[in-house]
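Visitor: Please take one part of this model and go through it closely. I would like to know how that part is paired and what lies around it.

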Amino acid sequence: MALLKILQYPDERLHTVAHPVVAVTDEIRALVDDMAETMYSAPGIGLAATQVDVHKRVIVIDISDARNQLHVLINPEIVARSGDSDDEEGCLSVPGVFGKVQRAGKITVEATDRDDKPFVFDADGLLAVCVQHEMDHLVGKVFVEYWSRMKQSRLQARLKKLRRKVL
Ligand code: NI
């Protein structure tokens, strides 16, 4: 296994749209393992392949405190959504930045697992928010891009200042 480099916003590669996985091969399983290791080590609760510059529809998530409930979602699709949520979100590609996004409160997701088996699961609360956040990455969208233009330009200014400080 290997730690992967996480792209940092506003890296243009974060806007790449991922391709569906055609078959869950050993190569995909190795990607899943590396992504899980990278997410746990960061530490974060979710990671999309887009964030490690691999443009395939693969997501790993673990919101458990014990860090022992890994969800692997290959080719995830949301087939039902209801309710509302506007939890505070953060992102490994935008460190130190948090903010609210309007999301569905409950979702039903169809995906394929690490063993190439299709499955369906219902998620609510933080898990539902996390799945929606990671699925956005797969279509090239970062959570801060939901914000108003004014809030986004304030963020850009702040990131510029931060970058100057780490010289
Ligand atoms: Ni993210």
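Guide: The model is a predicted one, and the part to follow is strand 6, residues 106–112. Strand 7 covers residues 118–124 and runs antiparallel to strand 6, with seven bridges joining the two. Five residues lie between these strands in their hairpin, where Asp116 adopts a positive phi near 70 degrees.

Strand 6 also pairs with strand 3: six bridges join them, and they too run antiparallel. Here Ile107 of strand 6 is the bridge partner of Arg81. Of the seven residues in strand 6, five are buried, so the strand is largely enclosed by the rest of the structure.

Strand 3, residues 71–82, leads on to helix 1, whose buried residues pack against this strand as well as against strand 1 (46–48) and strand 2 (58–61). Those buried residues are Ile28, Leu31, Val32, Asp34, Met35, Ala36, Thr38 and Met39. An α-helix has 3.6 residues a turn, so residues three or four places apart point the same way.

As for covalent links between cysteines, the structure has zero disulfides. Cys130 has its closest cysteine sulfur in Cys91, at 9.9 Å, which is too far for a bond, since a disulfide requires the sulfur atoms to be within 2.5 Å. Cys130 is buried at 5% relative accessible area, and Cys91 is buried at 11%.

Notes:
Residues numbered from 1 in each chain as written. Predicted model: local features only at pLDDT ≥ 70, side-chain atom pairs only at ≥ 80, totals over all residues. Heavy atoms only, no water. Buried < 20%, exposed > 50% of the residue type's maximum accessible area, 1.4 Å probe, protein only. Helix = DSSP H or I, 4+ residues; strand = E, 2+ residues; numbered from the N terminus. Contact = heavy atoms within 4.5 Å. Pairing = 2+ DSSP bridges.
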